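Keep the viewer open as you read.

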Amino acid sequence: QLREWRQRRRLSQLDLAGHAEVSTRHLSCMETGRALPSREMVLRLADRLEVPLRERNRLLTAAGYAPLYREHALADPEMRAPAQAVDRVLKAHEPYPALAVDRHWTMIACNRMVPLLLAELPPEVLTPPLNVLRLSLHPQGLAPRIVNLPSWRAHLLHRLQLQVRASGDPVLAALADELHGYPVPGGDLPDPVPPDSHVYVPLQLRTAAGVLHFISTITVFGTPTDITLSELALETFFPADEATAATLRQLAETLR
């Protein structure tokens, strides 16, 4: 498993050994099972490789140690404080849309602006659990409403592919295959590769109130010790122009 993670991160044995302050010989022995790493060494290597907490537990178990990181549902009493923090962030972002997703891009919470942007979509694409990537690119979802669909689609697929490569998660890999197979409204157009697609691509969404222009950011919790919290991400959308900001303020008035 250590070798697999090293290869995913595209690190040589020499590079990882240097980062972890061990000899390449000892690292090689650990990767081949000829040497059993200590608990501290497993955690050190996992930290250098940026292994997700869920997978760190598996590395510990494979090495014969008890899992270290616990996993709670967001509704559990132990998660009351972070759940309240998520709720406050989402509400504070109004009148702009914001949502929280898990590691598979399933929406677990959103503020009141999000449903307004999903109005009039077919009920079948809004059936929980709601995967936001699937909703964005499904031909019965938001895809026909996205003005710049080719570049936005390429951006989402590129971002998802990076996650698949980094995590090796089979669920994300299956999701990527599914999304790649969706037809593009208006024809099967080739995916362009927008410059700096991993940094910034606007979303241009056609709504009953007109075309809205967004930029989005992803926020995660720093140094989490709970698996659920480590896999939680907040996606917040900001207006890319004043016309969009004014329209969103007007829409928010309907919620009062």
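The paragraphs below go from the whole chain to single residues.

This is a predicted model, in which local features need pLDDT of at least 70, side-chain atom pairs count only at pLDDT 80 or more, and totals for chains, interfaces and linings use all residues. Residues are numbered from 1 along each chain as its sequence is written, and side-chain values use heavy atoms, with hydrogens and water left out.

Start with the overall build. The protein has 12 helices and five strands. These are DSSP runs numbered from the N terminus: helices are H or I with at least four residues, strands are E with at least two. The C-alpha trace spans about 65 × 45 × 35 Å along its principal axes. Of the 256 residues, 43% count as buried. Buried means under 20% relative accessible area, exposed means over 50%, and partly exposed lies in between, with a 1.4 Å probe and protein chains only. A contact means heavy atoms within 4.5 Å. Among contacts between residues at least 6 apart in sequence, 57% join residues at least 24 apart.

Next, the interior. In soluble globular proteins, nonpolar side chains tend to be buried together. A nonpolar core here is a set of buried Ala, Val, Leu, Ile, Met, Phe, Trp, Tyr and Cys residues joined through side-chain atoms within 4.5 Å. The largest such core has 40 residues, and Leu160 and Leu179 touch the most other members. Helix 9 (residues 149-167) gives this core its largest share, six residues. Leaving aside residues up to four places away in sequence, Leu160 touches Leu133, Leu172, Leu175, Ala176 and Leu179. Another core, of 20 residues, lies apart from it; Leu2, Leu27, Met30 and Val51 are among its members.

Buried residues of helix 9 include Trp152, Arg153, His155, Arg159 and Leu160. The buried residues of this helix pack against helix 1 (2-8), helix 8 (132-137), helix 10 (170-180), strand 3 (203-207), strand 4 (210-220) and strand 5 (233-239). Just after helix 9, Gly168 takes a positive phi of about 70°.

Leu2 sits in helix 1. Leu2 counts as buried because its relative accessibility is 12%. Beyond residues up to four places away in sequence, Leu2 touches Met30, Glu31, Leu45, Leu49 and Leu59.

The structure holds one cavity of 30 Å³ or more. The largest cavity contains about 310 Å³ of space. Of its 22 lining residues, Leu99, Ser136, Leu142, Leu203 and Phe237 are the closest to its centre. Helix 8 supplies the largest share of this lining, four residues.

The largest pocket holds about 1100 Å³. Its lining has 36 residues, with Pro52, Arg103, Ser167, Ser230 and Glu231 nearest its centre. Helix 5 (53-62) gives the most to this lining, five residues.

Finish with the backbone. Most residues other than glycine have a negative phi, and most peptide bonds are trans. The bond from Glu94 to Pro95 is cis, with omega near 15°. Pro95 is in the loop between helix 6 (80-92) and strand 1 (98-101). Pro128 and Pro129 are also joined by a cis peptide bond, with omega about -5°. Glu50 is not a glycine, yet has a positive phi of about 55°. Glu50 is exposed, at 58% relative accessible area. Glu120 has a positive phi near 75°, and is exposed at 75%.

Terms used:
1 Å grid on protein atoms, 1.4 Å probe; cavity = no way out; pocket = protein on both sides within 12 Å on 5 of 7 lines; lining within 4 Å. Points joined across faces, edges and corners; volume = space filled by probe spheres on them.
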